[in-house]
Amino acid sequence: MARLLRSIDDELYVEYGELGLAGTDLPAISSPDPEDYHYIAAVRMEAWDAEPPGVDDSWTQVDQPTFVADSGVIHAASMMDGRGHDFLIGPPYFEYGLTAHARTVDARGEDDDPDLRWLLRFWPIRDAFDPLIHMRAMERFIRMPKEYVPLPLPPEMLPPPLEPRPAPVPVSTAQEWAAMQPGEFGDRLRRLEERLAEMGVTVHDWLREQGADISDDTPVTADVFDDLKERPGRFRDPYVDRYFDRAGKMFGLPHGFDSWEPHVQEERLRELADDERIAKDLNPHRAREFSMPYQQRGAERLDPGSTRRLWRWEDEIIDGLPFDESLVVGRQIHARDPRTRQIYASGIVTILRPERYDGRANWYVVRDAEPHEAARVLCSEATWLDADT
């Protein structure tokens with residue numbers, strides 16, 4: 001039986017009747033009514049572990065495509081740079097199914113209430129990883145001559161093309177991946193269901209007693225419990241508002257926050273709230289987290305959920321283990337400084353969220369990669385290894 005893993009309710013101003021999905025290779029989804037040209041849309045996205053059951057007759061199916069996701073993180077987008085929350089649908093480089101349903105809103109209240117509701121449901125179909133496509137090595141640099149050379153370079157000056165080597169390509173199941181596991185909330189919900197069952201009460205009945213507006217056929221997610229809590233009401237978006245409340249009480253708001261324009265405040269809080277939520281979903285069993293630098297080539301940034309080999313300088317410990325017992329998967333020692341007794345080490349990690357930029361490198365919060373995650377990086381390294389290496 002298919003299980004709902006997570007969901008998010010969002011709002012977006014749709015322009016020209018086109019709802020885009022960034023993070024996929026899908027074309028924009030057109031509104032079912034051609035007269036729905038510019039409107040406010042309520043967009044609900046759901047991640048399932050298998051093809052979900054059908055919906056009731058109040059919804060109209062608009063599309064049912066398949067696609068391959070690069071990072072497993074997507075967001076709804078409109079034509080003029082409008083965007084919604086980042087949402088984790090599952091592991092990277094998987095083929096996904098999607099059902100897109102829509103229905104009109106019968107009665108509207110305020111002018112900024114939605115005109116149309118979208119229901120987007122995603123589920124993984126198969127592992128689609130291909131090292132020739134998804135982890136292709138970057139081209140090598142050449143030393144440019146001092147004299148003027150017209151661009152583009154003539155063929156004789158270009159570096160030789162990269163030649164892939166045959167290597168076994170790992171194939172995983174979706175259930176192996178952290179993004180498909182329930183994590184702490186799933187464990188808490190299971191324990192609550194067991195306690196309530198002893199009293200002859202269902203979770204849905206208990207939630208309604210607490211004030212939740214939920215029907216028996218509505219899946220119980222963490223958002224249902226979050227909505228029971230009071231929030232400041234500073235921001236209309238509940239995810240942003242809850243993060244604002246939590247940050248103010250626990251770890252502080254970004255520097256200079258009070259001097260920013262309201263829309264800038266909301267945008268930055270949305271980014272931070274999304275980063276925090278996705279990082280938790282990518283580390284459901286709370287493996288050790290640590291920070292790693294990445295000096296990117298060009299404008300490349302690392303997406304949450306992606307797995308890479310990263311490097312750092314460490315103090316050399318006599319027993320040979322890392323000083324913090326991290327960076328142990330696929331570990332290699334590349335250089336030693338005999339004076340400072342430091343080593344330059346690398347390991348394979350999974351990106352959880354961006355952390356900061358220090359003027360030289362982007363820093364990321366990561367965890368050591370799991371075997372099926374590391375297998376893709378090792379496959380890519382074997383595929384693109386230079387012949388003289």
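**Surface, rings and a buried arginine**

M79 counts as partly exposed, because its relative accessibility is 47% (buried is under 20% relative accessible area, exposed over 50%, and partly exposed in between, with a 1.4 Å probe and protein chains only). M79 is placed in the loop between β7 (73–77) and β8; helices (H or I, at least four residues) and strands (E, at least two) are DSSP runs numbered from the N terminus. Together with Y16, Y37 and M80, M79 makes a nonpolar surface patch of about 440 Å². Such a patch is made of residues with over 30% relative accessible area and no salt bridge, with nonpolar side chains (Val, Leu, Ile, Met, Phe, Trp, Tyr) joined within 5 Å and like charges within 9 Å. A salt bridge is a side-chain nitrogen of Lys or Arg within 4 Å of a carboxyl oxygen of Asp or Glu, and accessible areas come from the Shrake-Rupley method with a 1.4 Å probe, only the protein chains shown counting as cover for residues.

The model is predicted: local features need pLDDT of at least 70 and side-chain atom pairs pLDDT 80 or more, whereas totals for chains, interfaces and linings use all residues. Residues are numbered from 1 along each chain as its sequence is written, and side-chain values use heavy atoms, leaving out hydrogens and water.

A search of the whole structure finds eleven aromatic pairs (rings of Phe, Tyr and Trp, the last by its six-membered ring, with centres within 6.5 Å; planes under 30 degrees apart are stacked, over 60 edge-to-face, the rest tilted). Y93 and F129 form a tilted pair, with 6.0 Å centre to centre and 40° between the planes. This pair links distant parts of the chain, 36 residues apart: Y93 is in the loop between β8 (87–88) and β9 (94–104), and F129 in the loop between β10 (116–127) and α1 (183–198). Y93 counts as buried at 14% relative accessibility, as does F129 at 6%.

W313 and Y344 also form a tilted pair, 5.1 Å centre to centre with 40° between the planes. W313 lies in strand β12 (residues 307–315) and Y344 in strand β14 (residues 342–357), so the pair ties together parts 31 residues apart in sequence. W313 is partly exposed at 47%, and Y344 is partly exposed at 29%.

R309 is likewise found in strand β12, but counts as buried, because its relative accessibility is 8%. Beyond neighbours within four places in sequence, R309 has contacts (heavy atoms within 4.5 Å) that include S346, V377 and E381.
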